[in-house]
Amino acid sequence: MATVLCFSTVDWDYLWHRPQAVMSSLAQDGHKILYVDTIGLRSPRLQDAGRVLTRLLNRARGGLRGTSRPHPGIQVVSPILLPWLDSRLVRRVNVVLLVRRLRRLLHGVDRRDLMIWVYLPTATVLACVERLPHHLLVYEAIDALESNPAGVSLDYTRSERTLLARADLVLATSPALFEAKTAHNANTHFVPPGVAGTFFADAVVDAGGEATAGILPPELAGIDRPRVGFFGTIDHRLDLDLVRNLARRHPDWSFVLIGPARCDVNSLSAATNVHLLGPLPHVRLVPYLRQMDVFLLPYVVDDFTRAVYPAKIYECLALGQPVVATRLPSLEEKEFAGLVHLAVDQGEFEAALEAALAEDDPALAARRRERARENSWEARYRQIQTLVGAAGG
């Protein structure tokens, strides 16, 4: 089995995303995983000072080694690096420090047994890849990072193009990303999100062995129905003005948002029928989601979100409840026709939510679950395994 060195866009202990899911599956297959927490997409700005300080303190608390083993076969590296990514001098220092550390952790691993898996195609990561002999290079594009509204490092486009050209295999998670990346690497494949089996279970068992799916979580006990739910990061991708206006026009609807807020949410928290529950571990989500009457995916439409294939879409469908979402290109695919309510403006969202809340069709709920089963994470991972094997892994 191979050793997989993963350069991720998210920290391991952040919300559960594609990088953690892929690396966990590889570890379950017997591969050894060295997972590098994100080292940043851009240089920080003045308004980022608090976030950067918190991040440094959290990593410093992890000890001088800055590594952990959250699961068998997985070792997480949380490097403390200088954050000014647009400085060539800083980048050289960071690369020297990080490569030295990774070489120590990879001591004894033959290049023929090392696979490098990149989610973060920055110049710093590219320089590390070039200095670490490996057998296979996989680049997985899960977002249109070059269109990130918060910005990217100055040389991001050049470093991504270089990595695309050198990758033995490129995976893209949306049709838009597939089209963009295949122009630079012929061995590019579309592998959309999948849904874990826990979202289908009739009962979810907590750490103490208790079934929790049918139990109303205490945080929801005082929140009236109907509940309009969202789960995930609350950030620039969401149309918070839309949510606020919908909440104002429908005080009898409860809007429940589960996830960390990475933007100003004061206008939402001021509304009495908007409930921000904060982040929850992925393994604890299902009992909360089962108590929602409809799921709301209120994305803004811009160059970043046009390439988004919402990873949570099959998780929503697996639960059977109605889904109202922004009309993103990925959601206009025919497999979602009749299963997801799509909307563009506030009037359409309002009408779609009213129709969704009025639904009473067990057959439609069953069709949603069946469509989700057709897109299980197990099937997705088998596809990834096949592609990696064909590329020489």
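In which loop does Asn-375 lie? The legends below answer this and describe further close-up views of a predicted model.

View 1. Asn-375 is found in the loop between helix H12 (362–373) and H13. Its relative accessibility is 8%, and since buried means under 20%, Asn-375 counts as buried. Leaving aside residues up to four places away in sequence, Asn-375 touches Pro-193, Gly-194, Val-195, Tyr-314, Glu-335 and Arg-380.

**View 2. The open sheet of eight strands.** The strands of this sheet follow the order E3-E4-E2-E1-E5-E6-E7-E8, and their pairing is mixed. Strand E3 (67–71) and strand E8 (188–190) stand at the edges; each has a single partner strand, so one side of each is left without a neighbour in the sheet. On average, neighbouring strands of this sheet are turned by 20 degrees against each other, direction ignored. Strands of a sheet pair through backbone hydrogen bonds, and the pairing may be parallel or antiparallel.

**View 3. The pairing of E1 with E5.** Strand E1 (residues 3–7) and strand E5 (residues 114–118) run parallel and are joined by five bridges. Within this pair, Thr-3 stands opposite Leu-114 in E5.

View 4. Helix H6 (residues 175–182) lies across E6, E7 and E8, and H6 runs at about 170 degrees to E8.

**View 5. The covered helix H1.** Helix H1 (residues 18–28) is mostly covered, with 10 of its 11 residues buried. Among these buried residues are Arg-18, Pro-19, Val-22, Met-23 and Leu-26. The cover over the buried residues of H1 includes E1, strand E2 (32–36), E4, E5, E6 and helix H13 (377–391). After H1 comes Gly-30, which has a positive phi, near 105 degrees. Most residues other than glycine have a negative phi.

**View 6. A nonpolar patch on the surface.** Leu-82, Trp-84, Leu-89, Val-93 and Leu-97 form this patch. Together they have about 460 Å² of accessible area. Leu-82 is placed in the loop between strand E4 (74–77) and helix H3 (88–105).

**View 7. A cis peptide bond.** The peptide bond from Arg-225 to Pro-226 is cis, and its omega is near 5 degrees. Most peptide bonds are trans. Pro-226 has its place in the loop between E8 and strand E9 (227–231).

**View 8. The open sheet of six strands.** The order of the strands here is E11-E10-E9-E12-E13-E14, with parallel pairing. At the edges stand strand E11 (274–278) and strand E14 (341–343), each with a single partner strand, so one side of each is left without a neighbour in the sheet. Neighbouring strands of this sheet are turned by 25 degrees against each other on average, direction ignored. Strand E12 (residues 294–297) is joined by three bridges to strand E13 (residues 323–326), and the two run parallel. Phe-295 has Val-323 in E13 as its bridge partner.

Note on methods. Residues are numbered from 1 along each chain as its sequence is written. This is a predicted model: local features need pLDDT of at least 70, side-chain atom pairs count only at pLDDT 80 or more; totals for chains, interfaces and linings use all residues. Side-chain values use heavy atoms; hydrogens and water are left out. Two strands pair if DSSP finds at least two bridges between them. Helices (H or I, at least four residues) and strands (E, at least two) are DSSP runs, numbered from the N terminus. Axes are lines fitted to C-alpha atoms, for helices over the stretch in contact, and angles run from 0 to 180 degrees between N-to-C directions. Contact means heavy atoms within 4.5 Å. Patches are made of residues with over 30% relative accessible area and no salt bridge: like charges are joined within 9 Å, nonpolar side chains (Val, Leu, Ile, Met, Phe, Trp, Tyr) within 5 Å. Accessible areas come from the Shrake-Rupley method with a 1.4 Å probe; for residues, only the protein chains shown count as cover. A salt bridge is a side-chain nitrogen of Lys or Arg within 4 Å of a carboxyl oxygen of Asp or Glu. Buried means under 20% relative accessible area, exposed over 50%, partly exposed in between (1.4 Å probe, protein chains only).
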